[in-house]
Amino acid sequence: MSLQKQQILNKEIESFDFQSGGEASSDLKNILRKLGVPSAIVRKTAIITYELEMNVVIHSLGGEITALISEDELEIRVDDSGPGIEDLDKAFTAGFSTASDEIREMGFGAGMGLVNVKRYADQIDVKSSKDDGTHVKVIINLAN
Amino acid sequence: MTVKELVDQFDLEVVAGPDLKKEIDGAYIGDLLSNVMARAEKDNLWLTVQGHQNVVAVALLVELSAVILVENFDYEENAVQRACQKGVNLLKTKKKSYDLACSFCESNI
């Protein structure tokens, strides 16, 4: 059973803000370091949050990232305000991307974002609709 | 080997050098940011053709020793500013990734 979680990060992510893109992940990484979280978990978390953060920057109208921690797990929530993912199964398929050519030229949109998130997360839950945007919840185990 | 020693030995251009004393441990070659995030290791050099600002975010997150832009590609100005603020080394060279990697191998990097 999970103990009560404490919020350690809440940051807004703006659409197409490549200047700040990655900063929430960087902030979270520094916070986890200070909390003494093992470096392998910090690394895993950085990969997950960077992918989710850049998804918000590239694909959404803007959103926010929240991180909560308890003794046994870390919870990352990434919520955006739309436009939603049309086909979730496809979004989890390696190589599938809806990114524009311009975005691909920057080295994004290889269709590995959510695939990487799934690989490193211990649990992942994605809900997406046109009206309500996309809501991702990832759990990373801290115990053992 | 430090980034400064690497710059001198391989005649690399320093575009942003806020932390040239950083130690180097291996290298990663790639232009897809997701791959770099997932595969590059701490203190690696990163050989790429991507010179935009988000490259700095990736380098910072993975704790790379330096980014090396190959084949005379240029960094965007906001990437250079961000690198200086965040302590990320940005280097460049005329050489191709393969040729540079070969010369790194010969020097046991």
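User: What must DSSP find before two strands pair, and how many bridges join S3(A) to S5(A)?
Analyst: Two strands pair if DSSP finds at least two bridges between them, and strands (E, at least two residues), like helices (H or I, at least four), are DSSP runs numbered from the N terminus. This is a predicted model in which local features need pLDDT of at least 70 and side-chain atom pairs count only at pLDDT 80 or more. Residues are numbered from 1 along each chain as its sequence is written. Strand S5 (residues 133-141) of chain A runs antiparallel to S3(A), with A:Ile76 standing opposite A:Val138, and the number of bridges joining S3(A) to S5(A) is seven.

User: Which residue in S3(A) is the bridge partner of A:Thr66?
Analyst: Strand S2 (residues 63-69) of chain A pairs with S3(A) in the antiparallel sense over seven bridges, and a hairpin of three residues joins S2(A) to S3(A). Within S3(A), the bridge partner of A:Thr66 is A:Arg77.

User: How many of the eight residues of strand S3 (residues 73-80) of chain A are buried?
Analyst: Buried means under 20% relative accessible area, exposed over 50% and partly exposed in between, with a 1.4 Å probe and protein chains only. By that definition S3(A) is mostly covered, and the number of its residues that are buried is seven.

User: At what angle do helix H3 (residues 54-62) and helix H4 (residues 77-86) of chain B pack?
Analyst: Axes are lines fitted to C-alpha atoms, for helices over the stretch in contact (heavy atoms within 4.5 Å), and angles run from 0 to 180 degrees between N-to-C directions. The axes of H3(B) and H4(B) lie 8 Å apart, and the angle is about 25°.

How values were computed. Chains are lettered from A and ligands numbered from 1 in the order in which they are written. Side-chain values use heavy atoms; hydrogens and water are left out.
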